[in-house]
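Please read the following walk through one predicted model with the coordinates open.

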Amino acid sequence: MTGTTGAPTRVLVLNSGSSSLKYQLLDMADGSRLAVGLVERIGEETSRLEHTPLTGGGAERRERTGPIADHDAALKAVSAELSHDGLGLDSPDLAAIGHRVVHGGLKFTAPTVVTDEVLKEIERLIPVAPLHNPANVTGIRTARALRPDLPQVAVFDTAFHTTMPEHAARYAIDVETADAHRIRRYGFHGTSHAYVSRKTAELLGKDPSEVNVIVLHLGNGASASAVEGGRCVDTSMGLTPLEGLVMGTRSGDADPAVIFHLSRVAGMSIDEIDSLLNKKSGLVGLCGDNDMREIRRRIDEGDASARLAFDIYVHRLKKYIGAYSAVLGRVDAVAFTAGVGENAAPVREAAIAGLEELGLAVDSDLNSVRSGEPRLISPDYARVAVAVVPTDEELEIADQTFALVTNAAVEESTN
């Protein structure tokens with residue numbers, strides 16, 4: 001589809017993982033989704049592509065299995081599925097491709113059109129994002145090869161958090177060492193925190209510049225942010241996504257000396273400790289499950305380890321809510337989002353319980369309602385609103401991508 005000016009309005013959003021490729025095609029004329037899909041187990045014999053077109057009056061999911069050798073083959077397979085629905089990558093209605101890039105360091109504070117130099121800088125950041133940036137680079141290279149004439153835009157998870165003041169972003173370690181190795185707090189889930197904080201302000205009927213929000217992005221990965229007048233002033237993740245809240249498989253905050261202790265006493269290697277803290281800790285390390293629904297089921301059956309895991313998870317949440325209330329000084333809303341935040345009513349209720357002195361309360365009836373819409377779950381008398389705001393990172397990436405290429409086109413036409 002083209003806009004009223006005849007310019008293309010579609011954006012393809014790509015999220016490339018090490019062995020997966022998630023995608024959505026959106027029309028920015030109205031924000032509608034035209035297709036969504038996922039390619040997983042790339043490079044294996046059991047690769048799977050799941051594609052759902054959302055045009056023509058209904059969603060009819062298509063699935064194909066079989067070997068998909070690499071990301072180039074995956075994107076070509078996606079293009080074929082889109083072409084089957086008249087939505088191919090060669091369409092003149094496609095304005096740009098937006099790429100989720102996890103780490104942008106301090107250089108990238110906003111969405112950026114990808115050039116050779118930009119790509120080199122993303123590659124230079126691989127040491128601080130070894131699990132994510134290599135896959136993001138692969139996705140960008142593949143898309144550029146297929147559509148070299150089309151703007152490719154990198155939207156960075158870290159960009160929203162670059163407004164943190166130095167006293168929040170710096171670790172208290174030797175400055176020369178920190179600067180030499182880019183050691184500082186960067187934060188992640190930035191597109192989600194940006195989207196949810198803005199939507200929370202809309203829910204309150206205010207401009208984002210007028211609202212202070214604590215955003216709790218609770219999924220398998222989890223992070224909190226303190227957003228003051230639309231700008232992030234603190235966030236729980238740090239140099240990597242390991243710091244902060246208790247997560248599905250990540251420990252979150254831990255004494256750094258745990259690493260030295262495990263090395264000296266247990267004889268564990270750095271790689272083994274890395275695997276322990278990132279993949280075998282958090283909820284799964286505490287009770288063997290990282291699915292909050294299963295943990296709640298086990299709690300209902302009297303499982304003590306599940307109860308302890310839940311209590312540790314909630315305790316960490318309360319600490320961050322309290323800390324960010326102090327950082328912000330005035331809090332207008334606490335917003336829950338992502339898989340657990342949007343769907344686990346017991347987590348929301350437990351996290352807010354006992355925080356009445358901070359102006360927080362949850363209405364049990366409102367909290368128990370399941371809905372895909374942004375909503376308040378706090379009683380009218382509460383001084384601070386508590387909200388559930390479904391996140392939409394793909395729409396945020398598409399919005400930022402489209403705004404960038406549209407503004408660039410306008411500037412070019414006026415020069």
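**Burial, surface and salt bridges**

Cysteine 232 is buried, at a relative accessible area of 0%. Cysteine 287 is buried as well, with a relative accessible area of 11%. The structure holds 0 disulfides; a pair of cysteine sulfur atoms would have to lie within 2.5 Å to count as one.

Next comes helix α8, which spans residues 270–279. Its buried residues are Ile273, Leu277 and Asn278. These residues cover an arc of only 120° around the axis, and therefore sit on the same side of α8. An α-helix has 3.6 residues a turn, so residues three or four places apart point the same way. The buried residues of α8 pack against α7, which runs over 257–265. On the face turned away from this buried side, α8 carries the exposed residues Asp271 and Lys279.

Isoleucine 270 also belongs to helix α8. This isoleucine 270 is exposed, with a relative accessible area of 59%. Together with Ile259 and Phe260, Ile270 forms a nonpolar patch on the surface, and the accessible area of the three together is about 280 Å².

The charged side chains remain. Side chains of opposite charge can pair when their charged atoms come close. Over the whole structure, a search finds 31 salt bridges.

One of them joins the side chains of arginine 61 and glutamate 50, at 3.5 Å from N to O. This pair links distant parts of the chain: arginine 61 is in the loop between β4 (48–53) and β5 (62–65), while glutamate 50 is in strand β4, 11 residues apart. Arginine 61 is exposed, at 54% relative accessible area, and glutamate 50 is partly exposed, at 21%. Both residues belong to a network of salt bridges that links Glu40, Arg41, Arg48, Glu50, Arg61 and Glu63.

Another salt bridge stays within a helix. Lysine 76 and aspartate 72 both lie in helix α1 (residues 71–84), 4 residues apart, or about one turn of the helix. Their closest N and O atoms are 3.1 Å apart. Lysine 76 is partly exposed at 44% relative accessibility, and aspartate 72 is partly exposed at 28%.

Which residue forms a salt bridge with arginine 141? The partner is glutamate 123, with the closest N and O atoms 2.7 Å apart. This pair links distant parts of the chain, with arginine 141 in helix α3 (residues 133–146) and glutamate 123 in helix α2 (residues 116–124), 18 residues apart. Arginine 141 is partly exposed, with a relative accessible area of 43%, and glutamate 123 counts as partly exposed at 29% relative accessibility.

Definitions and conventions. Residues numbered from 1 in each chain as written. Predicted model: local features only at pLDDT ≥ 70, side-chain atom pairs only at ≥ 80, totals over all residues. Heavy atoms only, no water. Buried < 20%, exposed > 50% of the residue type's maximum accessible area, 1.4 Å probe, protein only. Helix = DSSP H or I, 4+ residues; strand = E, 2+ residues; numbered from the N terminus. Arc of directions from axis to C-beta. Contact = heavy atoms within 4.5 Å. Patch = residues over 30% accessible without salt bridge, like charges linked within 9 Å, V, L, I, M, F, W, Y side chains within 5 Å. Areas by Shrake-Rupley, 256 points an atom, 1.4 Å probe, with all protein chains shown as cover. Salt bridge = Lys/Arg side-chain N within 4 Å of Asp/Glu carboxyl O.
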